[in-house]
Amino acid sequence: MAVLPLAASLPFVGGCASPQVQQYAQEKPNLDLRTYFNGKVDAWGVFTDRSGQVVKRFTVEMDCSWQGDEGVLDEAFVYSDGTRQRRIWKLKAGPNGAYTGVADDVVGQAQGQVSGNAFRWGYTLALPVDGKVWEVDFDDWMYLMDERVMLNKATMSKWGIRLGEVTLSFTRRTPLALPK
């Protein structure tokens, strides 16, 4: 009888495992980063702390281009407090939906994988906080919704402790030509 409560709890234990990008392989529309992030893309987002309180809002204007398997995402951020920031990602497409990327404030190299409509991207960002620079880990997920909109949710952590989340909505200025 002691086994019964343990067996009943197993579905909940499995539900705590982190999702894998391959779980989205059958989801449509298929995401091709080289196509979506090509041209002008606008984004609106928020930073939330651990309690879910919005700490900062921001907008991003992106100018994106690709030459073969190498892409540049030039991001211009404007925050709700009036501050501005620029990040230029240099991406490289690899085999089977794999991507790598670097930017000036990224520690090392970002690693990502596309599957179906989803992209999972992991990297460490050097974030200035109160006069110090913190190396914060990002588990970044993007989901293509339709020919213009992609949603993005990233969890920020340090030493394995969740610090908060970034939530964004991307909109392409020119819609994609998706198969119907």
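**Figure 1. Salt bridges around Arg34.** Asp32, Arg34 and Asp69 are joined in a network of salt bridges, a salt bridge being a side-chain nitrogen of Lys or Arg within 4 Å of a carboxyl oxygen of Asp or Glu. The model is predicted: local features need pLDDT of at least 70 and side-chain atom pairs count only at pLDDT 80 or more, whereas totals for chains, interfaces and linings use all residues. Residues are numbered from 1 along each chain as its sequence is written, and side-chain values use heavy atoms, with hydrogens and water left out. Arg34 is partly exposed, with a relative accessible area of 30%, and Asp32 is partly exposed at 33%; buried denotes under 20% relative accessible area, exposed over 50%, and partly exposed the range in between (1.4 Å probe, protein chains only).

**Figure 2. Further salt bridges of the model.** The structure holds 13 salt bridges. One of them joins Arg86 to Asp74, with the closest N and O atoms 2.4 Å apart. This pair links distant parts of the chain, since Arg86 lies in strand β4 (residues 84-93) and Asp74 in strand β3 (residues 70-79), 12 residues apart. Helices (H or I, at least four residues) and strands (E, at least two) are DSSP runs, numbered from the N terminus. Arg86 counts as exposed at 55% relative accessibility. Glu165 and Arg162 form another salt bridge, with 3.6 Å between the closest N and O atoms. Here Glu165 counts as buried at 15% relative accessibility, whereas Arg162 is partly exposed with a relative accessible area of 34%.

Figure 3. A closed barrel of 10 strands runs β1-β2-β3-β4-β5-β6-β7-β8-β9-β10 with antiparallel pairing; two strands pair if DSSP finds at least two bridges between them. Neighbouring strands of this sheet are turned by 25° against each other on average, direction ignored. The axes are lines fitted to C-alpha atoms, for helices over the stretch in contact, and angles run from 0 to 180 degrees between N-to-C directions. Strand β2 (residues 54-67) pairs with β3 in the antiparallel sense over 10 bridges, and Phe58 stands opposite Tyr79 in β3.

**Figure 4. The hairpins on either side of β7.** Strand β6 (residues 106-115) runs antiparallel to strand β7 (residues 118-129), and seven bridges join them. Val107 stands opposite Thr124 in β7. The hairpin of β6 and β7 has two residues between the strands, and Gly116 takes a positive phi near 60°. β7 is in turn joined by 12 bridges to strand β8 (residues 132-144), in an antiparallel arrangement, with Pro128 opposite Val133 in β8. Two residues also separate β7 and β8 in their hairpin, where Asp130 in the turn has a positive phi of about 50°.

**Figure 5. Aromatic pairs.** The structure holds 17 aromatic pairs; rings of Phe, Tyr and Trp (its six-membered ring) pair if their centres lie within 6.5 Å, and planes under 30 degrees apart count as stacked, over 60 as edge-to-face and the rest as tilted. The rings of Phe37 and Phe170 have centres 5.4 Å apart and planes at 85°, so this pair is edge-to-face. It links distant parts of the chain: Phe37 lies in the loop between α2 (33-36) and β1 (39-49), and Phe170 in strand β10, 133 residues apart. Both Phe37 and Phe170 are buried. The rings of Trp89 and Tyr123, with centres 5.3 Å apart and planes at 75°, are likewise edge-to-face. Trp89 in strand β4 and Tyr123 in strand β7 are 34 residues apart. Trp89 counts as buried at 6% relative accessibility, and Tyr123 counts as buried at 11%. Ring pairs link Trp66, Trp89, Tyr99, Phe119, Trp121, Tyr123 and Phe138 into a cluster.

Figure 6. Asn152 lies in strand β9 (residues 149-158) and is buried, with a relative accessible area of 5%. Its side chain reaches the backbone oxygen of Trp141 at 2.8 Å. Leaving aside neighbours within four places in sequence, Asn152 is in contact (heavy atoms within 4.5 Å) with residues including Asp140, Trp141, Val166 and Phe170. Thr171 lies in strand β10 (residues 161-172) and is buried, with a relative accessible area of 16%.

How values were computed: A polar contact is a pair of N or O atoms within 3.5 Å; within protein, one must be able to donate a hydrogen and the other to accept it, and residues adjacent in sequence count only if both atoms are side-chain atoms.
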